[in-house]
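Q: I would like to learn how to read this fold, feature by feature. Could we go through it together?

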Amino acid sequence: MAQGFHFLEESHKEYDHLGSFFRYHRYSNVYRFYESKLYHNAEKKFDKLLKLDISRCFDSIYSHSISWAILSKEVEKDAITRDDTTASRTFASKIDKLMQNMNDGETNGIIIGPEISRIFAELILQKVDGEVEKQLRMGVSGQSAFHRKDYEAFRYVDDYFLFYNSEATSKLFCDTLEAQLRDFKLSLSREKQHTIEKPIITNETIAKNKIKEILSSHLNPEQKDYAQESAGDIRYPDHKISANKLIVEFKAAIKSTSTTYASLLNFTLSNLEWRTASWLRSHKRAMKEFQDNGITDMPLSEVDLSRNLQNLIEFSFFVFATTPKVNFSVRLTRLICMIVDEIHEIIVGFDTKERVLKSIADNLHWCLRKYSGSETRRIETLYLILANMKLGRYYRYNQEQLCLFLGAEFDRASGQINFSDIDMFTADVCLLYIRNQARYSNFKKGLIDALAERFRNRQHDLQKDAELLITFLDLATCPHLKPVEKQTLSKAAGKSPSFMRDLGQCHTHWFIDWSGFDLTLELDKKRSR
């Protein structure tokens, strides 16, 4: 069985911000596998594809099973029976213990997210892969099957792809795989099994191709030539973008392929971002050439440019609003940052820039109001609050608006602000947004009071609650907090008044670079992860 190919960063590329210590050896995304020569060669040999998925993989992995995968279950259980102390010094036992310590002593399930968890799962699943191929080759219940002859199987993390011709081979593979997974307390998700016959192509792949064509037709039109004897030919984009047409064509692509918004939003926003960036660069390049050659009657209209950008912004927010999740809000915020950065560099008038910025501001305000009353949407909207920072001072929210977006109570008569609860992400975003500005003094007081209450109620959890500890460390280095405010928070956490101040002097920053915070740069780093 082909080994899983999940190694993170791609080995042939250079990165400004590494999101991982490891590298993708072959495919950085499962959809690149769908378009690969490896995939097409398998389709040439076999008529059907069966997609399989391990049910709740990371949640179900039993930490002791790492020893079974590396040493074998018999050896490990025999060592336990004999109280063999050498067994506790093996690599398998050490990594088992590490995973338990990371998960509050639990042996059932491993932490989702850390790279060590991916290594842990990979060691177990590669053992499963090898055993399945071995069992099938040797024969199961009088039947045998050979890899690359009777079937071809691939795994991407916890997703399996089985190419085959015979239903008997498919059943034999599934039964064998389930038996091996069962030995490690894992199982297949029957409801996620899906068979595709030739042509072997998924609905998601068809939809992505349609969306690529839609965005290409709107953002990569043929450029016109502006011929002038003294300047030569200047290539410039000359077309109009319609938000309504984009929305209708996008919805048609989803509907005609029986896919969902959620499965395509990441791809759509990513593709939209780089195509918009390329389109804006062509505008910037053409306008500079016109100016350098002293051409004042430019065929490029600033009004058309701003109208096109407003339509792209409308489309972007429509796409996001269909399924507002965290990773999509990161993509949308990155797109906003890119547009704002580019519009400031393009040689256009003040009114043109303001029309674009106002369009972004209006859509952000609409989106934040829409999800202001939903607890489950709070974290998704935090990125949009940071996106508002890119627009400049004129578009900043006041205290009452921030309270509405973040679910805090605002008393107009007294100006008092109360947070019913506060978490690390909300606290960090609030402090990045309000800084030390006097107009947010009441808001800041309410924020400090809420943080102090949180620390006071959970003093004993500070050493074992990751979110609480990260919050404390970030606040220790935050330059937007006065010494007296840090003393208040330090005492609330059960520490000496100077503890937070002293901790803050140990390092310039822990998780947030408060002084050099650049939203575009931070999103670039996050995207690499």
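Q: Where is S306 placed?
A: S306 lies in helix α12, which spans residues 302–322. Helices here are DSSP runs of H or I with at least four residues, strands are runs of E with at least two, and both are numbered from the N terminus. This is a predicted model, in which local features need pLDDT of at least 70 and side-chain atom pairs count only at pLDDT 80 or more, while totals for chains, interfaces and linings use all residues. Residues are numbered from 1 along each chain as its sequence is written, and side-chain values use heavy atoms, leaving out hydrogens and water.

Q: Is S306 buried or exposed?
A: Buried means under 20% relative accessible area, exposed means over 50%, and partly exposed is in between (1.4 Å probe, protein chains only). S306 has a relative accessible area of 1%, so it is buried. Contact means heavy atoms within 4.5 Å. Leaving aside neighbours within four places in sequence, S306 is in contact with T352, R355 and V356. S306 and V356 are 50 residues apart in sequence, yet their C-alpha atoms are 5.9 Å apart in space.

Q: Which residues touch the most other members of the largest nonpolar core?
A: A nonpolar core is a set of buried Ala, Val, Leu, Ile, Met, Phe, Trp, Tyr and Cys residues joined through side-chain atoms within 4.5 Å. The largest one here has 99 residues, and L309, I360, L364, I385, F443, F455 and L489 touch the most other members. Helix α13 (residues 326–345) gives the most to this core, with 10 residues. Not counting residues up to four places away in sequence, I385 touches L368, L402, F405, L406, V429 and Y433. Another core lies apart from this one; its 34 residues include A121, A145, C174 and L181.

Q: How do I read a pair of packed helices, say α6 and α7?
A: Axes are lines fitted to C-alpha atoms over the stretch in contact, and angles run from 0 to 180 degrees between N-to-C directions. Helix α6 (residues 91–102) packs on helix α7 (residues 115–138) at about 135 degrees, with axes 11 Å apart. That makes α6 oblique to α7, since under 35 degrees is roughly parallel, over 145 roughly antiparallel, 65 to 115 roughly perpendicular and the rest oblique. The contact joins F91, I95, D96, L98, M99 and M102 of α6 to I116, S117, F120 and L123 of α7.

Q: And which residues make the contact of α10 and α11?
A: Helix α10 (residues 243–256) and helix α11 (residues 261–292) have axes that come within 11 Å and cross at roughly 130 degrees, and are therefore oblique to each other. F250, K251 and I254 of α10 meet Y261, L264, L265 and T268 of α11.
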